[in-house]
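Student: I have just opened this structure and would like a guided tour. Could we go through it step by step?
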Amino acid sequence: MAIDPLQALQAANRPGVSVAAANSANAGTLLIAGATGALGQELLRRLAGSHRFAHARVLSREPIRDGMRGVESCLSPDLPIAQWPLTSADTAVIAFDPPRMYHDRERALWVPQPSDLPELSRWLRACGVRTLAIVQPHDQGKLPEALKRGLASLDEQAVVANGFDRVILVRSARKPLNAKFANPAERLAAWMLSIVRFMVPSSEQPVRASKVAELVDVALRIAPPGVHVAAPELVWESAQGDVHAVARRWLGLAG
């Protein structure tokens with residue numbers, strides 16, 4: 001049965017546990033899926049490095065030597081996600097950033113794909129996760145206005161339907177990925193289309209991974225129960241000045 005995105009958002013944003021109770025997960029275990037690339041590494045450095053969580057784990061494809069104090073690897077077997085053994089976690093972060101293959105450590109980490117989102121979120125919920133943050137980059141200037149501040153796909157609607165206390169979706173802008181062209185005509189067409197990038201508003205330009213990670217960190221600290229979607233423009237605004245003030249306005253918190 002199809003999920004009505006409006007109903008899903010309304011149900012998730014109904015008053016539930018207090019903000020303090022929602023934030024109590026910060027004393028528990030953090031699990032990061034996709035601790036790769038500049039973004040994944042910044043999320044790991046900021047969230048795990050702050051020692052705000054009692055334990056921090058990263059999903060990996062093979063055993064790795066944990067190089068950060070208090071961070072351990074959590075093996076993901078070469079099986080469908082639904083068949084993975086359960087672990088325990090209170091807060092989870094999913095980031096979609098390809099590994100930098102010249103980083104040996106990143107080659108050992110498990111890298112989620114967007115198509116994994118429904119099954120991965122179900123597994124995380126079964127592991128006890130109550131707060132889920134998803135950092136989903138989008139090509140700058142290409143995300144339709146109607147989808148910037150709501151659920152952008154059936155997969156995201158399925159995530160909300162799993163019953164997390166808090167779902168935080170951060171839509172960060174990224175530069176278009178490098179494409180391979182079969183012939184000079186394709187290269188010329190791509191070059192002509194690239195002119196459009198000069199027409200993208202500054203508020204939809206990519207921001208540094210460290211600034212995206214900072215916004216995610218603040219949101220995990222103060223977000224009340226419900227579904228909270230940060231549009232690319234809000235991510236950009238948070239990188240320009242007082243991230244706490246921008247986050248509180250976005251999350252509907254007074255003061």
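This is a predicted model: local features need pLDDT of at least 70, side-chain atom pairs count only at pLDDT 80 or more; totals for chains, interfaces and linings use all residues.

Student: How many helices and strands does the protein have?
Tutor: There are 11 helices and nine strands in the protein.

Student: And what share of the residues counts as buried?
Tutor: Of its 255 residues, 47% count as buried. The accessible surface comes to about 12,900 Å², and carbon and sulfur atoms account for 56% of that surface.

Student: What about contacts along the chain, how far apart in sequence are the partners?
Tutor: Among contacts between residues at least 6 apart in sequence, 78% join residues at least 24 apart.

Student: Let us turn to the sheet. In what order do its strands come?
Tutor: Seven strands form an open sheet, in the order β3-β2-β1-β4-β5-β7-β9.

Student: Is the pairing parallel or antiparallel?
Tutor: The pairing is parallel. The edge strands are β3 (71-75) and β9 (226-230), each of which pairs on one side only. From one strand to the next, the twist averages 20 degrees.

Student: Which helix packs on the sheet there?
Tutor: Helix α3 (residues 37-49) packs on the sheet and touches β1 (29-33), β2, β3, β4 (91-95) and β5. The direction of α3 makes about 175 degrees with that of β1.

Student: Then β5, please. How many bridges join it to β7?
Tutor: Five bridges join β5 (residues 131-135) to β7 (residues 166-170), and the two strands run parallel. Thr 131 stands opposite Arg 166 in β7, and Ile 134 has Leu 169 as its bridge partner. β4 and β5 are also joined by five bridges and run parallel. Between them, Val 93 is partnered with Ala 133 in β5.

Student: Why is β5 said to be largely enclosed?
Tutor: Five of the five residues of β5 are buried, so the rest of the structure largely encloses this strand. Thr 131, Ala 133 and Val 135 point one way, Leu 132 and Ile 134 point the other way, and all are buried.

Student: Changing topic to helix α11: which of its residues are buried?
Tutor: In α11 (residues 243-250), the buried residues are Val 243, Val 246, Ala 247 and Trp 250. They cover an arc of only 100 degrees around the axis, so they are on the same side of α11.

Student: Why would such a spacing put residues on one side?
Tutor: An α-helix has 3.6 residues a turn, so residues three or four places apart point the same way.

Student: And what covers that side of α11?
Tutor: The cover over the buried residues of α11 includes β7, α9 (209-222), β9 and α10 (232-238).

Student: What caps the N-terminal end of α11?
Tutor: Asp 242 does: one of its side-chain oxygens lies 3.1 Å from the backbone nitrogen of His 244. Just after α11, Gly 252 takes a positive phi of about 75 degrees.

Student: Now a few single residues. Where is Leu 109?
Tutor: Leu 109 is in the loop between α4 (104-107) and α5 (117-126). At 1% relative accessibility, Leu 109 is buried, because buried means under 20%. Leaving aside neighbours within four places in sequence, Leu 109 has contacts including Val 58, Leu 59 and Ser 60. The C-alpha atoms of Leu 109 and Val 58 are separated by 7.6 Å, although these residues are 51 apart along the chain.

Student: Is Ser 60 buried or exposed?
Tutor: Ser 60 is buried, with a relative accessible area of 0%, and belongs to strand β2 (residues 55-60).

Student: Lastly, which side chain does Glu 156 join in a polar contact?
Tutor: The side chain of Glu 156 makes a polar contact of 2.8 Å with that of Arg 171. Glu 156 is in helix α7 (residues 154-160) and counts as buried at 6% relative accessibility.

How values were computed. Residues are numbered from 1 along each chain as its sequence is written. Side-chain values use heavy atoms; hydrogens and water are left out. Helices (H or I, at least four residues) and strands (E, at least two) are DSSP runs, numbered from the N terminus. Buried means under 20% relative accessible area, exposed over 50%, partly exposed in between (1.4 Å probe, protein chains only). A polar contact is a pair of N or O atoms within 3.5 Å; within protein, one must be able to donate a hydrogen and the other to accept it, and residues adjacent in sequence count only if both atoms are side-chain atoms. Contact means heavy atoms within 4.5 Å. Accessible areas come from the Shrake-Rupley method with a 1.4 Å probe; for residues, only the protein chains shown count as cover. Two strands pair if DSSP finds at least two bridges between them. Axes are lines fitted to C-alpha atoms, for helices over the stretch in contact, and angles run from 0 to 180 degrees between N-to-C directions. The arc is that of the directions from the helix axis to the C-beta atoms.
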